[in-house]
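Here are my notes from going through the model you sent.

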Amino acid sequence: MTTETSLLLPLIPFVPLLAALFVALGETEEGGRQAAFVLGTVPSFVLGVILAVQTVAGGPGGRPLILTAWGGFLYADVLSALLVCCTFLVVAGVGIFSFGYLRHDAERGLVTGAGSKLYYFLLLVFSAFMAWTLIISHLFFMFLVIEIATIAVSFLVATYKTKYALIASFKYNLLVVMAMLFAVMGAVFIFARMTTVDPTLSRIHVLEMGKLTSLLPASLALTIVACFVCAFGTKGGMMPFHSWLPDAHSEAPAPISALLSGLVVVVGPFGFARTVTLFAPHYSQVVVLAAALGGASIVIGILLALVQDDLKRLLAYSTISQVGYVFIGIGLGTYLGVYGGLFHAVTHLLAKALLFFCSGAIIYRLGLRRISDLGGLSRKMPLTAACFFAGCLSIGGLPFFAGFPSKYTIVLALAKAQLWWALAITAFAGTLTLAGLVWAGYRVFWGEESPKVAALPAGGRELPLSMTAPMLALGAAVVLLGVYPQALYPVLDGSVRSILGLVSLEVAP
Amino acid sequence: MMTAEGALLVFVLSLSAMVFAVFAVETRALVTSTYWYVAHSCCLIFIYVAYGLYARNPYLFIWAGLCGVNTWILPFLVGGLRYTAKRVPRDERATRLPTAIFAVTAVAAVLAVRAYSSLTLVPAGSPIDNLDREVGLNLLAAVLLFAYGIIVLLTQRHLFKLAIGLLVMTAGAHLTLVQMAPGFFTMVEIEVLTKVMGTVFAMLYAARLLAERYLTADTALLLAGPEGHGEEEAQPGGASPAGRAEHAGVL
């Protein structure tokens, strides 16, 4: 492993923080805030891409490259770089989509000028602290920045300040803090054991976790795994720690639901990959635990999704189901499993953000989100219909859509690990997911035209450009990754090598 | 290594912290509940100071100082516990369920530990390496406090009490840290302190808004109550009735 100092690393969270300060303190109109938002997220995305290119290229002799800054306090391997890119891509998409969405809410009197200001400020703060989460090497500080990002998201969930939104926000805060306390306990157990071996140890470096896992006694290691599973399972919305997720998704504005499903839950698998996965090669119980919880998440999530009448709630339960695939893959601790898990995290992020944008588009035009109130929308909103189906088919795992190669990789990994029961669950739930989402899409877009949809004026522009552009970009990405999944191979391969390299495993695919 | 005298003092203080935590949760008047929480927090400060003195660990004095700041800010700052307690209706529907469950859990934990290892006041060697042979009473008390926090979070319905439960759980985590990882306190304290304070203030803000609009902070009443003040129309599309029913079951 080669390490190099990088000046770009501290800049990545600094840019959105600066923009957040401008939004908070500047006396600008809506346009000024929007410009600040774009200037706060797009440069960080570009910096993330540069990081990814540097880390994928590797060090001398093709060895994995770790970029560091501030004496190793910040680091970036390929996985961090990949997720930094995803973070700013999704946040930029969410922000741009919100330009039109929030203006519409303001016209309806749902959001005030101050509310809009707070919205963009919190979005920028979230993106900065999400970036910190991905690049901070000190395990305890990682938990701290996760928590600050959580507080920002909880305020975003409560944007409308309705009864249910406030309760959802309260619950989200409460459960995530509880989860992070479990993570702290897990880290303390590691620290307590390691200080008996090395009394000079003063902190736990994320990249040194792999070395520590083999030094722990089995009973302690499994206790630590249980703590981390509780922590990152809650953050990722995995069953049975998922209860914050449907409420937060359904009560937040649609763009924030996209952020939650696309990005916030990714912190769970990221933390899982940095901690629990490193125990998997040494303890077979970890693999079984991850597969069992992931399997339960997949099946129960999709079954609950199928009975929902609220479109956003349906998508939220589908997220619980899809996150199960990610946890199963990453929990396997094999090259193929971790590759599939990370790949599915990325494809799900794109597809689910797209689906929530589509639900936002429907709410924007009609103010409705109950499936039973909708029907025959495809004639009035053809673009949204096309994007929605692209998202559904991707989540369902149909060939030529992004979800197919990622799910297929996880299935292959399960077969290779001979976890046939888990494979059967994923196959069964995959079919249900495809059928359920397509059925929901059919009822919304092709079913019998409801009176409210019939009253919608035909013709004219379907949505503002600021809402159409992110939807089209995500739709194109979902199809592109389905047709050409190799596009992500260098980054995913580097990420897997980076994770498994920490436990000195053979990483030949 | 801590002396038997110091360990006994810490144990007595831990028990006091636990009793005050129970009072903070059980008291229906929220302002009184805040003062019980302050008493609970003061016990924590004394524990850190006692640990610092007996274990000769200077980090613990810093930690005690930070806990002191925490003890002042959380209850007494604008937006904190007392401020919220004055603006939120009292917990009329409080049950004794969390404490009953906790009592059973505590007895079961003591019996389980006694069955597999011995309970000692001062464990020999590192607490983490000896768990199969001997368990320190102080460690058990810390873990039980953590467990009580979880039980409160799972059984209480009043938003203010949920915030108290979270703080009790955090206190349990702190005390466990003291037992298990001496020498690493400042970083952990800063982390836990900042995190929980920010979150608790955010949670109390939500509780005040809800109490202001719906005149209760009891989630059971909030979720069962009528659609107050036309607020639901604020949500584009409105939440579905099925979704609302699920809310009631989850929190």
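Predicted model: local features only at pLDDT ≥ 70, side-chain atom pairs only at ≥ 80, totals over all residues.

1. Let's start with the core. The largest nonpolar core has 290 residues, and the members touching the most others are I135(A), A152(A), L354(A) and L145(B). Its largest share comes from α6(A), which puts in 25 residues.

2. I135(A) deserves a look of its own. You'll find I135(A) in helix α4 of chain A, which covers residues 113-135. There are 28 other C-beta atoms within 10 Å of I135(A), and the cut-off for buried is 20 or more, so this residue counts as buried. Setting aside neighbours up to four places away in sequence, its contacts are L9(A), I12(A), L74(A), Y75(A), A76(A), S80(A) and V84(A). F73(A) sits 62 residues away in sequence, yet the C-alpha to C-alpha distance between F73(A) and I135(A) is 8.5 Å.

3. On the chain B side, what does L145(B) touch, not counting residues up to four places away in sequence? The list is A17(B), M18(B), A21(B), V168(B), A171(B), G172(B) and L175(B).

4. Back in α6(A), look at how this helix meets α9(A). The axes of α6 (residues 163-197) and α9 (residues 244-251) of chain A come within 9 Å and cross at roughly 140°. That angle makes the pair oblique, and the crossing is left-handed. From α6(A), the residues involved are Y164(A), A165(A), A168(A), K171(A), Y172(A) and L175(A), and they meet W244(A), D247(A), A248(A) and E251(A) of α9(A). Sorted by class, this contact has seven nonpolar and three charged residues, with no polar ones.

5. Helix α10 of chain A (residues 254-262) is mostly covered, with nine of its nine residues buried. Among them are P255(A), I256(A), L259(A) and G262(A). What does the covering? In chain A, the elements over these buried residues include α3, α5, α9, α14 and α15. So α9(A) turns up here as well as against α6(A).

6. A413(A) is another residue I'd click on. A413(A) lies in helix α17 of chain A, residues 403-416, and counts as buried because 24 C-beta neighbours fall inside 10 Å. Beyond the residues up to four places away in sequence, A413(A) touches G329(A), L332(A), T334(A), L336(A), G337(A) and G340(A). Of these, T334(A) is 79 residues away in sequence but 7.7 Å away in space, C-alpha to C-alpha.

7. Now chain B as a whole. The chain has 10 helices and two strands, in the order α-α-α-α-α-β-β-α-α-α-α-α. Of its 251 residues, 46% count as buried. Taking contacts between residues at least 6 apart in sequence, 68% join residues at least 24 apart.

8. Last, a helix pair in chain B. Helix α2 (residues 30-54) and helix α3 (residues 59-76) pack with axes 8 Å apart at an angle of about 170°, and are therefore roughly antiparallel. On the α2(B) side the contact includes Y37(B), V38(B), L44(B), I45(B) and Y48(B), while the α3(B) side includes F61(B), W63(B), A64(B) and C67(B). By class, the contact divides into 14 nonpolar and five polar residues, with no charged ones.

How values were computed. Residues numbered from 1 in each chain as written. Chains lettered and ligands numbered in written order. Axes fitted to C-alpha atoms, helices over the stretch in contact; angles between N-to-C directions. Helix = DSSP H or I, 4+ residues; strand = E, 2+ residues; numbered from the N terminus. Parallel < 35°, antiparallel > 145°, perpendicular 65-115°, else oblique. Left-handed = near helix turned anticlockwise from the far one by under 90°. Contact = placed C-beta atoms within 7 Å. Nonpolar A, V, L, I, M, F, W, Y, C, P; charged D, E, K, R; others polar. Core = buried A, V, L, I, M, F, W, Y, C linked by C-beta atoms within 7 Å. Buried ≥ 20, exposed ≤ 12 C-beta atoms within 10 Å, placed from the backbone.
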